[in-house]
Amino acid sequence: MPSGRLEINFRRLLSRCETMAAEPEKGGWRLEKYVCALQGMLEDMEKTGADVKPGFESMQGYEKKVTYLKNFVQTTKLPTIAERAQQHQLNAPARSASPPETPNTGRVSSSQQLHQITAARYNQDMRKELFGEDDDSSNGLRHRGSIEDHSTTEDLDVVLQHHRGLQEKLAEEMLSLTRNLKHNTVVASKIIQEDNERLQGMNQLADSNYSKLKVESDRLEVHAKRSCNWWIWGTVVFVSIVFLQMIIFIKLFPKNS
């Protein structure tokens with residue numbers, strides 16, 4: 001529900017602009033002026049207080065509608081029908097989950113209806129241009145207005161059915177991608193878990209080897225110290241014996257003078 005007079009006026013003018021865009025003979029130069037006024041009212045709503053300002057989703061929907069109408073007006077200024085039709089397809093409005101006018105009803109928004117009606121009209125104009133129909137033949141076709149309206153309705157139904165098919169196909173592809181992503185995530189988590197277990201085992205083995213190496217190093221160090229002591233004492237005893245023998249030899253055999 002609108003929460004302020006400014007939003008009420010904005011929605012009335014927005015509905016009027018969409019009606020004028022759907023019926024070009026009722027629009028003309030006034031549509032561009034109305035769209036500029038819509039832009040100004042939208043900027044004013046952005047500056048209002050939180051108690052009056054529409055919700056975030058509503059503001060997004062309004063911005064998308066105003067942007068689409070601005071692009072619509074610029075498209076009508078192109079010189080040829082082919083250029084207008086091509087640019088019109090590029091300006092297709094994005095589908096929103098819950099637009100302000102039709103929340104969760106399963107219906108398309110007014111911008112999408114306008115886009116589809118205009119696309120059908122451009123296609124009809126291009127067919128007329130392709131087959132070389134002039135103004136006289138188009139005036140003659142006005143007497144069959146009911147038949148054309150029925151054909152336009154059928155074209156709109158075909159377009160809607162095509163869009164539904166594309167949406168269903170896109171939903172199936174997204175579901176398949178989600179399943180594949182889930183499967184890949186599970187496989188990756190299992191691989192990471194196995195790698196972590198292997199790393200833990202390697203760390204435990206490294207700790208065990210380090211402990212054993214330290215014990216053996218200590219034993220080797222003790223053994224080396226003991227061997228070194230025996231060699232030192234043996235050397236000291238040998239040198240002492242040699243020294244004593246030399247003294248005894250000198251005493252027994254003194255040098256002749």
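1. Helix H2 passes helix H3 in a left-handed crossing, where left-handed means that the near helix is turned anticlockwise from the far one by less than a right angle, and right-handed that it is turned clockwise. The model is predicted, so that local features need pLDDT of at least 70 and side-chain atom pairs count only at pLDDT 80 or more, while totals for chains, interfaces and linings use all residues. Residues are numbered from 1 along each chain as its sequence is written, and side-chain values use heavy atoms, with hydrogens and water left out.

2. The secondary structure of the chain comes to seven helices and zero strands, and from the N terminus on the elements run α-α-α-α-α-α-α. Helices (H or I, at least four residues) and strands (E, at least two) are DSSP runs, numbered from the N terminus.

3. Two packed helices are described by the angle between their axes and the distance between the axes. The axes are lines fitted to C-alpha atoms, for helices over the stretch in contact, and the angles run from 0 to 180 degrees between N-to-C directions. For H2 (residues 29-47) and H3, the axes come within 10 Å and cross at roughly 155°. That angle makes H2 roughly antiparallel to H3, since angles over 145 degrees count as roughly antiparallel, under 35 as roughly parallel, 65 to 115 as roughly perpendicular and the rest as oblique.

4. On the H2 side of this pair, the residues are Leu31, Glu32, Val35, Leu38, Gln39, Leu42, Met45 and Glu46, and they meet Met59, Tyr62, Glu63, Val66, Leu69, Lys70, Phe72 and Val73 in H3; contact here means heavy atoms within 4.5 Å. By class, the contact of H2 with H3 has eleven nonpolar, one polar and four charged residues. In this classification Ala, Val, Leu, Ile, Met, Phe, Trp, Tyr, Cys and Pro count as nonpolar, Asp, Glu, Lys and Arg as charged, and the others, Gly among them, as polar.

5. Val73 counts as buried because its relative accessible area is 8%, where buried means under 20%, exposed over 50% and partly exposed in between (1.4 Å probe, protein chains only). Not counting residues up to four places away in sequence, Val73 touches Leu31, Glu32 and Val35. Val73 and Ala21 are 52 residues apart in sequence, and their C-alpha atoms are 8.4 Å apart in space.

6. H1 and H2 pack with their axes 10 Å apart and at an angle of about 155°, which makes H1 roughly antiparallel to H2. The crossing of H1 and H2 is left-handed. Residues of H1 in the contact include Leu6, Phe10, Leu13 and Cys17, while those of H2 include Tyr34, Leu38, Met41 and Met45. The residues of this contact of H1 with H2 divide into 15 nonpolar, one polar and four charged.

7. H3 (residues 56-76) also packs with H5 (residues 110-130), at an angle of about 15° and with their axes 10 Å apart. That makes H3 roughly parallel to H5, and the crossing of H3 and H5 is left-handed. Lys65, Tyr68, Leu69, Phe72, Thr75 and Thr76 in H3 meet Ser110, Ser111, Leu114, His115, Thr118, Arg121 and Tyr122 in H5. By class, the contact of H3 with H5 has five nonpolar, six polar and two charged residues.

8. Glu18 lies in helix H1 (residues 5-22) and is buried, with a relative accessible area of 13%. Leaving aside residues up to four places away in sequence, Glu18 touches Lys65, Leu69, Ser110, Ser111 and Leu114.

9. Val159 has its place in helix H7 (residues 145-252), and at 30% relative accessibility Val159 counts as partly exposed. The C-alpha atoms of Val159 and Ile117, 42 residues apart along the chain, are separated by 9.6 Å.

10. For the chain as a whole, buried residues make up 20% of the 257 residues. The chain exposes about 19,700 Å², of which carbon and sulfur atoms supply 58%; accessible areas come from the Shrake-Rupley method with a 1.4 Å probe, and for residues only the protein chains shown count as cover. Among contacts between residues at least 6 apart in sequence, 65% join residues at least 24 apart.
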